[in-house]
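Please keep the sequence and the model in view while reading.

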Amino acid sequence: MSEFPSFPPDFAFGVATSAYQIEGAVSEDGRGPSIWDTFCRRPGAVLDGGDGTTACDHYHRHREDVALLADLGVDTYRFSVAWPRVQPTGSGAANPQGLDFYSRLVDDLLATGITPAVTLYHWDLPQALEDAGGWRVRDTAARFADYTALVADALADRVPRWITLNEPWCSAFLGHAGGEHAPGVRLGTPALAAAHHLLVGHGLSMGALRAAGVREAGIALNLTHVSAATGRPEDRAAAVRAETQRNLMWTEPLLRARYPATETDTWEELIEREDFRRAGDLDLVSAPMDFLGINYYTPSVVRAAPYQEPHPDRRHAMDNRFTDAPVPGARRTAMDWPVVPGTLHSLLTSLHRRYGPALPPVHITENGSAEHDVPAPDGTVRDTDRIDYLRDHLGAVADAIADGVDVRGHYVWSLLDNFEWSYGYERRFGIVHVDYRTQRRTPKASYHWYRRLIAEARTVAGRDAKARAGAAR
Ligand code: PNW
């Protein structure tokens, strides 16, 4: 028995990052400001007062980071393109220096045999578009399609796999209802408009990718496994609401061209009542995808809660009559997120049951954990909790594949410790430790563990291929 779960021979092992979280160099080579540059300056917005001004200085150290990827042996590297590098004010001609950076990165990846997977939008909206209404206005979706075409024209000859949006749930609801993410709006209905415009933007972006000849395109959703804390009817109803808002709000329009219903109201009605909905939108939103990206971290165990009316304009956007309940017996990561690896298997098999052939092949586009890493004096980190997390979640993916779910890849979040949004640099998700004073990178024990897993998977795949070739002779 191997210490590692086993995977199909062509399974893609990867790691993921995003531009604002690692690049730094926010004013270099013509980059314009993004909503995160602005949001980070708001007092109290980020835990330690940090921002992405320097981050991991990846913009200047990308060669070193590609060398780390090459040594790790990953098949795929998922990174994001910063929209404000390509279009400093969110529209008009491309800034050639912005595109050049990503073009060089892609060449370096290909030279080491790594497949690049590009995310077009990982939350860094050009500030100029926010000033014009951001995702709350429909024009931003059209701007996103123009930007997609510029990036695809420059990179689609070499980048096979494309992700339009990263986690639109976060952009819509954390950005416009909770306010803990940029742009930090705390209203209700605007979050629903943002959600709809993000979906429309995804659909338009898919069209631009197709026009550029892209054959592997999809979206990355942060889906969760939802269950009720108790069997009480009110808690079960709360779980239906949470499932609707966290999962079905996205999978239903994308995969079935409709908004979901709850027992009290339907999102369809909510959205229809609003003036932002246009005829034909859902056909656009449900353009066929080649894969569904799922970012998975933790399950949601919920119970009923009284309706909170924090603002008069919050009337329909957040059905907040549910709240997260403790998960008994589960270890918690440094994010305080409960660890229940089997819920990833349950999520995958339930999506497979719910959508059948309408579910495209799946890539787990993010999965990983922030831990209380304690570096030794030489900078090494024995992050056994992170290894356990990754082993058990990869095991859950392997089990889902054995149960018939078509999962094609898994990307660890993240290659490097980085800027963890409103948690600043306090929370470390990397399999490589970053000393932010020196920018020194030190692979953690989890990096070495993942390297061995990939190497063993390759050996096994090689053995199987040889055996098949032998049997065919
Ligand atoms: C994702 N939540 O963010 C992002 O795609 C990454 O950029 C991020 O670093 C990673 O997960 C770890 O947090 C999320 O509140 C942020 O439910 C917040 C939530 C979910 C995902």
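## Terms and model

A residue is called buried when its relative accessible area is under 20%, exposed when that area is over 50%, and partly exposed in between. The structure described here is a predicted model.

Ala-25 has a positive phi of about 50° although it is not a glycine. This residue belongs to the loop between helix H1 (19-22) and helix H2 (35-40). Its relative accessibility is 8%, so Ala-25 counts as buried. Trp-123 also has a positive phi, near 85°, and is a residue other than glycine. Trp-123 is placed in the loop between strand S3 (115-121) and helix H6 (127-131), and its relative accessibility of 6% makes it buried.

Two cis peptide bonds deserve mention as well. One joins Ala-182 and Pro-183, with omega about 5°; Pro-183 sits in the loop between H8 and H9. Another joins Trp-413 and Ser-414, with omega about 15°. Ser-414 is part of the loop between strand S11 (407-413) and strand S12 (432-435).

## The ligand and its surroundings

For Glu-420, the separation between a side-chain N or O atom and an oxygen atom of the ligand is 2.6 Å. In His-122, a polar side-chain atom lies 2.8 Å from an oxygen atom of the ligand. On its own, the ligand has 450 Å² of accessible area, of which the protein covers 84%.

There are 16 residues around the ligand, and those that come nearest are Gln-21, His-122, Glu-366, Glu-420 and Trp-421. By type, the shell comprises nine nonpolar, four polar and three charged residues. Helix H8 (residues 168-178) gives the most to this shell, contributing three residues.

Strand S7 covers residues 291-295, and five of its five residues are buried, so the strand is largely enclosed by the rest of the structure. Burial applies to both faces: Phe-291, Gly-293 and Asn-295 lie on one side, with Leu-292 and Ile-294 on the other.

Strand S5 (residues 216-222) pairs with S7 in the parallel sense over five bridges, and Gly-218 stands opposite Phe-291. S7 is also joined to strand S10 (residues 362-367) by four bridges, again in parallel. Within S10, Val-362 is the bridge partner of Leu-292.

## Two buried helix residues

Ala-193 is a residue of helix H9 (residues 189-211). With 6% relative accessibility, this alanine counts as buried. Setting aside residues up to four places away in sequence, Ala-193 touches Trp-135, Arg-136 and Phe-276. Its C-alpha atom is separated by 21 Å from that of Trp-83, which is 110 residues away along the chain.

Asp-281 lies in helix H12 (residues 281-285). Its relative accessibility is 2%, and Asp-281 therefore counts as buried. The side chains of Asp-281 and His-196 are joined by a polar contact of 2.7 Å. Beyond residues up to four places away in sequence, Asp-281 touches Arg-138, His-196, Val-200 and Phe-276.

Key
Residues numbered from 1 in each chain as written. Predicted model: local features only at pLDDT ≥ 70, side-chain atom pairs only at ≥ 80, totals over all residues. Heavy atoms only, no water. Near = heavy atom within 4 Å. Polar contact = N/O pair within 3.5 Å; in protein donor to acceptor, adjacent residues only side chain to side chain. Areas by Shrake-Rupley, 256 points an atom, 1.4 Å probe, with all protein chains shown as cover. Nonpolar A, V, L, I, M, F, W, Y, C, P; charged D, E, K, R; others polar. Buried < 20%, exposed > 50% of the residue type's maximum accessible area, 1.4 Å probe, protein only. Pairing = 2+ DSSP bridges. Contact = heavy atoms within 4.5 Å.
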